[in-house]
Amino acid sequence: EIRETAEELRKAKLMGAEILPLFARLSNEDQQRIFRPSHGRRIVLATNVAETSLTVPGIRYVIDSGQARINRYSPRAKIEQLLVEKISQASARQRAGRCGRVSAGVCVRLYSEQDFTGRAEFTDPEIVRSSLAAVILRMAALKLGRVDEFPFIEAPSGRLIADGYAQLHELGAVDETNELTPLGKQLARLPVDPKLGRMLLAGRDEHCLKEILIIASALSVQDPRERPFDAREAADRMQAKFRDEKSDFLSWLLLWDFFEKASKEKTSNRQLVNLCHEHFLSFLRLREWRDLHRQLAEIAGEMELRLNDQPGTYEQIHKALLTGLLGNIGLKSSDSDEYLGARGIKFAMFPGSGLKKARPKWLVAAELVETSKLYARCVAAIEPEWVEKLAPHLVSRQYFDPHWEKAGAQVMAAERVTLYGLPVVNRRRVHYGRINPKEAREILIREGLVKFELATKGKFNDHNLELLLEVEELEHKARRQDVLVDEEALFAFFDARIPTDIVNG
């Protein structure tokens with residue numbers, strides 16, 4: 001919207017007007033332009049990044065649309081939502097305060113006074129619109145008691161609290177009674193989002209901690225890759241070397257190697273900054289990434305999490321990532337480019353992904369964010385069988401079509417394994433005796449013994465068959481149909497003699 005507005009203003013050819021966009025994803029250099037002295041008229045087009053704690057010199061007028069993109073977490077869909085909402089009265093006053101700081105100013109609101117007075121007095125605090133998994137984990141580790149009984153200034157809803165516990169259970173941090181597990185106690189020691197902490201612990205188990213430290217710290221900071229609107233193609237061309245066609249997560253490793261190599265080769269800080277500028281990379285954000293990585297590596301060392309000597313394989317790295325992102329997997333729809341996600345949601349792959357052309361059947365995403373539509377950001381191709389092994393506490397298993405198989409002398413069934421409604425195993429042959437011994441024993445008797453489908457050298461089988469043939473002949477001669485006992489009587493005969501733990505040949 002800012003870019004479209006800037007384009008319209010440029011077309012209007014306002015005399016001597018300098019148009020300055022301002023939003024968080026802009027490069028630091030472009031953001032700093034608003035503070036430079038100017039002799040002409042300046043029009044700053046800003047998101048609510050400029051709403052608080054930022055004094056831009058020379059602002060005389062503010063035009064307030066009365067709207068903002070507010071970040072909210074949806075406990076029902078388990079996704080982040082960045083939707084346009086009406087701002088509160090407090091935010092509107094804050095916006096008006098951007099002008100008139102050094103001389104008189106004017107604020108023009110593009111909505112009625114009646115609309116203004118009908119709005120909420122204050123913006124919802126973050127605790128009632130964010131995921132509470134990290135808060136609950138920290139409170140449990142500090143033994144602060146039940147979350148729903150804690151005297152918060154603004155208490156979160158019961159639904160948000162229940163969702164926080166559900167997320168921690170998904171990560172294996174709490175048990176069925178919502179008590180911290182040993183894994184949860186380790187997670188509480190890591191100063192990152194519980195999902196990222198879970199990846200780090202899995203990185204140790206999968207022997208790829210070195211790579212996971214780089215990726216987890218990258219996911220905790222703002223993306224250092226810049227893509228200016230007027231130089232999109234040049235940015236894509238320079239950053240093509242950081243793309244991986246199977247995984248956006250591996251792109252972070254390529255970018256890390258590039259920056260580390262450049263840091264060693266360049267003799268001055270200025271040369272390094274210039275190289276970053278050539279590749280449309282933010283030097284400040286790259287440095288922040290490296291600082292966070294160093295902190296996490298130190299904490300991992302204190303927790304005696306050992307780094308791997310050999311480079312982690314694709315499978316090892318993505319299995320470790322999956323442990324923290326089990327709710328963010330998706331299966332490609334057969335009739336569209338959309339993906340079917342957990343709990344029936346549908347999402348699209350973010351247009352900037354390196355997998356946009358490949359479109360794997362199964363993928364995992366670092367985050368699901370709803371803007372104009374629901375997008376999966378930072379994705380990678382995965383194998384569904386990994387999911388079953390990593391989430392035994394979450395998958396559901398259904399068994400159908402139990403039947404007697406003469407060759408194997410046992411009851412077989414088809415197994416379907418699902419995670420949040422997604423079929424990670426569609427149909428797999430399994431021995432039914434381990435799953436439902438009572439029903440398997442009944443099928444063994446009815447099919448194997450009553451109908452003589454059991455291949456056995458036992459003399460009883462030959463004796464029984466001979467006896468039944470004799471009785472059939474007797475019936476035929478006597479022209480009677482009531483001599484031979486029915487199948488239920490035969491079943492009862494075997495049922496009384498065969499031990500209850502016998503389920504196959």
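Biologist: Hi! How much of the protein chain counts as buried?

Modeller: Of its 505 residues, 42% do; buried means under 20% relative accessible area, exposed over 50% and partly exposed in between, with a 1.4 Å probe and protein chains only. Bear in mind that this is a predicted model, where local features need pLDDT of at least 70 and side-chain atom pairs count only at pLDDT 80 or more, while totals for chains, interfaces and linings use all residues. Residues are numbered from 1 along each chain as its sequence is written, and side-chain values use heavy atoms, with hydrogens and water left out.

Biologist: Thanks! How many helices and strands are there?

Modeller: The protein chain has 19 helices and 14 strands. These are DSSP runs numbered from the N terminus: helices are H or I with at least four residues, strands are E with at least two.

Biologist: And is the chain spread out or a compact globule?

Modeller: The radius of gyration is 32 Å, well over the 23 Å from the globule rule for 505 residues, so the chain is more spread out than a compact globule. That radius is taken over C-alpha atoms, and the rule is 2.2 Å times the number of residues to the power 0.38. Along the principal axes, the C-alpha atoms fill a box of roughly 120 × 60 × 50 Å.

Biologist: Switching topic: which residues have the most contacts inside the largest nonpolar core?

Modeller: F249, W289, L322, I329 and L419, in a core of 82 residues. Such a core is a set of buried Ala, Val, Leu, Ile, Met, Phe, Trp, Tyr and Cys residues joined through side-chain atoms within 4.5 Å. Helix α11 (residues 248–265) gives the largest share, 9 residues.

Biologist: What does I329 contact, leaving aside neighbours within four places in sequence?

Modeller: Its partners include L322, F347, W362 and L419, where contact means heavy atoms within 4.5 Å. There is also a second, separate core of 17 residues, with W404, A413, A440 and I443 among them.

Biologist: A413 pairs with which residue in β14?

Modeller: Its bridge partner there is V430. β13 (residues 410–419) and β14 pair in the antiparallel sense over 7 bridges; two strands pair if DSSP finds at least two bridges between them.

Biologist: What is the strand order in that open sheet?

Modeller: The order is β12-β13-β14, with antiparallel pairing. β12 (396–405) and β14 (422–431) stand at the edges with a single partner strand each, so one side of each has no neighbour in the sheet.

Biologist: Which helix packs on the sheet?

Modeller: Helix α17 (residues 437–450), which touches β12 and β13 and makes about 20° with the direction of β12. Axes are lines fitted to C-alpha atoms, for helices over the stretch in contact, and angles run from 0 to 180 degrees between N-to-C directions.
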